[in-house]
Structure formats: C-alpha cells, structure tokens
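Reader: I am new to this structure. Please show me how to read it.

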Amino acid sequence: MRKIQLLLIMFLLGLFHTYGQSINMERTALANYLVRMYENQPFEGVRIVNDYTDTYLISVLSLDPQKYNSNESTMNRVASVKAVSQVSRFFNGSSISSELVINIRENGNNESTTEITEIIKEHSLGYVSAVELLTSFDTDLGKRVFIYIKKLEKENK
C-alpha cells in the first residue's frame, strides 16, 4: 500500500514540475502579425516594431529560391548575411558615393550612340550580433521572405 501511495505522490509531483518544450506565444503572435503586415503591404528593409512590453528591430528581405538551386542552407546563409548587413547599416550608417560615366561613340555615318553608366558605391563599418530568424515564408510570386529580429534594449533615463 505504501508503494502505491509513494508512486502516486511521485507521479503527481512530476506533473507539476515537468518542463517541456513550449511555444513562446508572444513571439508566435508577433511573427503572425508581421506576416499579415507584409502580405497586406510588402516591404523590405529595417523597421522598429513595438509590442506591449518590448521594442524590436526587424529586418525583412526576400530571395528568389530559383537562384540558389533549391539549396536551403545556402539561401538561409545569404539571408542571414543580408539581414546583418541591413541592421548594421541602420545602426552604424553608411557612406554612399555615385559616379556617372557617359560614353558617346560616333559611327562613320554621322550617327552617335550614347551609353550612360551610373556607379554607386556604399561603405559601411560596424558589428551587429544576435540577429535571430523569426520566421520565413513563401509568397505567391515565388519568393521566400525572411524576417529577422533583434530585441532592442531599453535606455536608462
């Protein structure tokens, strides 16, 4: 009888102290909200989003899976690097220079062709850590959209 009581007590205590993998409902709700926001009005780049308690910086980008020959790991790595690049430019800024080159070629019969080339260079320095993939999904246009997130720390005032 004591063995049964002991097993019953251990079982009941185990129910109250069991921890398993759980779904973070706030992050799931945030991911669903951002997906709906993107589907309503597609956008790319960096934005700041607030929920009830925290402020997040999101980086949204889309890639064409056909360019990566269905290689998921390569596409995920490219998306991660682009997201970190976008966030770094947001935090640290960048310098952009533009150069316009105009080539005019004359043919032998008084005709000319004009070729205009614009060269744009962007330089950015900085380091950003802890950019985390929140969600990714496919669009109707055949692109894969990645949403990365970084929680912003609250400033002490």
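Author: What follows is a short tour of strands, cover and contacts. This is a predicted model, where local features need pLDDT of at least 70, side-chain atom pairs count only at pLDDT 80 or more, and totals for chains, interfaces and linings use all residues. Residues are numbered from 1 along each chain as its sequence is written, and side-chain values use heavy atoms, with hydrogens and water left out.

Reader: How do I read a strand pair, and which strand pairs with E3?

Author: Helices (H or I, at least four residues) and strands (E, at least two) are DSSP runs, numbered from the N terminus. Two strands pair if DSSP finds at least two bridges between them. Here E3 pairs with strand E4 (residues 112–123) in the antiparallel sense, over twelve bridges. Ser95 has His123 in E4 as its bridge partner. Five residues lie between the strands of this hairpin, and Asn110 takes a positive phi near 60° there.

Reader: How many residues of E3 are buried?

Author: Buried means under 20% relative accessible area, exposed over 50%, and partly exposed in between (1.4 Å probe, protein chains only). Among the twelve residues of E3, the buried count is zero. Take Ile104, which is in E3. Ile104 is exposed, because its relative accessible area is 57%. Glu106 also lies in E3 (residues 95–106). Glu106 is exposed too, at 67%.

Reader: Which residues make the nonpolar surface patch?

Author: Nonpolar patches join side chains of Val, Leu, Ile, Met, Phe, Trp or Tyr within 5 Å, from residues with over 30% relative accessible area and no salt bridge. A salt bridge is a side-chain nitrogen of Lys or Arg within 4 Å of a carboxyl oxygen of Asp or Glu. Areas come from the Shrake-Rupley method with a 1.4 Å probe. Leu100, Ile102, Ile104 and Ile116 make a patch of about 430 Å². E3 gives the most, with three residues.

Reader: Is Ser62 buried or exposed?

Author: Ser62 sits in strand E2 (residues 55–63). Ser62 is buried, because its relative accessible area is 15%. Contact means heavy atoms within 4.5 Å. Not counting residues up to four places away in sequence, Ser62 touches Tyr38, Glu44, Lys143, Arg144 and Val145.

Reader: What joins the side chains of Arg144 and Asp138?

Author: A polar contact of 2.7 Å joins them. The term means a pair of N or O atoms within 3.5 Å; within protein, one must be able to donate a hydrogen and the other to accept it, and residues adjacent in sequence count only if both atoms are side-chain atoms. Arg144 is in strand E6 (residues 144–152). Arg144 is buried, at 15% relative accessible area.

Methods: Patches are made of residues with over 30% relative accessible area and no salt bridge: like charges are joined within 9 Å, nonpolar side chains (Val, Leu, Ile, Met, Phe, Trp, Tyr) within 5 Å.
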